[in-house]
Amino acid sequence: MLTDTAVRNAKPGAKAVKLFDGGGLYLEVAPSGGKWWRLKYRHGGKEKRISLGVYPAVGLKDARTRRDEARKLIANGVDPSKARQEEKAEAAAEALTFEHVAREWYERFKPKWSASHSLDVIQRLEKNVFASLGPRPIRDITAPELLAAVRLIEGRGAVESARRILQMCGQIFRYAIATGQADRDIAADLRGSLPPAREKHHASLTDPKAVAQLLRAIDGYEGSMVARCALRLAPLVFVRPGELRHAEWSEIDLDKAEWRIPAAKMKMKEQHIVPLSRQAVAILLELHPLTGAGKYVFPSVRTSARPMSENTVLAALRRMGYTKDEMTGHGFRSMASTLLNEMGWNRDAIERQLAHAERNAVRAAYNFAEHLPERRKMMQAWADYLEKLKAGAKVTPLHAAAGE
């Protein structure tokens, strides 16, 4: 049996020195002077050893206690070495908190997203999820816990945000499963737990007389030239407001009369072609001397390194006297959709020009140029139609009048 004094005074030798205590416990003194407690035991007919700690952090009394605990496991048919590995694995799993895995997922996929989308994702998680679920081991989170977190968001009236958060959490859980950090996607259990999203109806003008008045009001707008050009171009191209304000000169070919918006900027993550009418090209040629040396077609008033504010077009409409119930930046899309359909244009061509979702995922990968010849003809006919409306002509919204 060892004593505290014998352990304290044990000297190293040329080779490792072993001082035995009893029950398989011994102190191993390395040539460097380090002292390790070890336990020699047999399990499954094989001789094995495990470490019980380092002296003096673990004294003789503690080493004997650890030996006794290990021998109890052996007596019950449990290998102490394997039990320790399982404990470490469990501890590692507990360290994999939801926030840890979520941030790992975020960093993995962030390069594939636009800057605005990646910022939106992390801000939503930090604001709505990390406080409640972030510190929890991801394997331990239950469906009711996730639902409670999502319903807090819903309770604020932010139903669409709640749906997006739930969708994000599902992606995080599926990533955790793929990387061995979770066993199942509990978000899948919550399908149907939130009310369906309300269809958004953006205020818009579709009566030809009202459209004519709007176009004349835009021509008379006394704000900045950049804002006025954005307003004049908006009804001609009817892209989403974010796509318009992020337009870059490098994406526009004035000779080909074409604007190609990269997939990363599009809501559906697919390249979008916007044929430019002669009226649209004229507006861009007018603006080019002012902003053409920079990156953005419609730069911010503060710095050319950023696009104009998302509120610029909306604020201009308000200054012209249009309320939020009459016209919005998205309203130019509704206007074009309604009137082009009334004019009899091919619905598929209209939907493709609006860059609406393609339900067939395989087809969607190839359809950015779909119906392009007809879309070019349609966009010019649409610009001519608006020009005649603005001039005060009485234009009958028939397909024949649109050029067929």
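## Salt bridges

There are 24 salt bridges in this structure, a salt bridge being a side-chain nitrogen of Lys or Arg within 4 Å of a carboxyl oxygen of Asp or Glu. The model is a predicted one, where local features need pLDDT of at least 70 and side-chain atom pairs count only at pLDDT 80 or more, while totals for chains, interfaces and linings use all residues. Residues are numbered from 1 along each chain as its sequence is written, and side-chain values use heavy atoms, with hydrogens and water left out.

Take Arg-38 and Glu-28: their side chains form a salt bridge at 3.2 Å, N to O. Arg-38 sits in strand E3 (residues 35–43) and Glu-28 in strand E2 (residues 25–29), so this pair ties together parts 10 residues apart in sequence. Helices (H or I, at least four residues) and strands (E, at least two) are DSSP runs, numbered from the N terminus. Both Arg-38 and Glu-28 are buried; buried means under 20% relative accessible area, exposed over 50%, and partly exposed in between, using a 1.4 Å probe and protein chains only.

## A helix-to-helix link and a network

Arg-232 pairs with Glu-286 in a salt bridge, with 3.1 Å between the closest N and O atoms. Here distant parts of the chain get linked: Arg-232 is in helix H10 (residues 225–237) and Glu-286 in helix H12 (residues 278–291), 54 residues apart. Arg-232 is buried at 19% relative accessible area, whereas Glu-286, at 34%, is partly exposed.

Salt bridges with shared partners also join Asp-21, Arg-64, Arg-67 and Asp-68 into one network. Within that group, the side chains of Arg-67 and Asp-68 meet at 3.1 Å, N to O. Arg-67 is buried, at 12%, and Asp-68 is partly exposed, at 38%.

## The nonpolar cores

Now for the greasy parts. The largest nonpolar core has 60 residues, and Leu-214, Trp-259, Leu-276, Phe-298, Leu-340 and Trp-382 touch the most other members. A nonpolar core is a set of buried Ala, Val, Leu, Ile, Met, Phe, Trp, Tyr and Cys residues joined through side-chain atoms within 4.5 Å. Elements that each supply at least two residues include helix H9 (208–219), strand E6 (258–261) and helix H17 (372–391). H10 gives the largest share, nine residues.

Setting aside neighbours within four places in sequence, Trp-382 is in contact (heavy atoms within 4.5 Å) with residues including Pro-235, Phe-238, Met-335 and Leu-340. A second, separate core of 35 residues has Tyr-106, Cys-169, Ile-186 and Leu-194 among its members.
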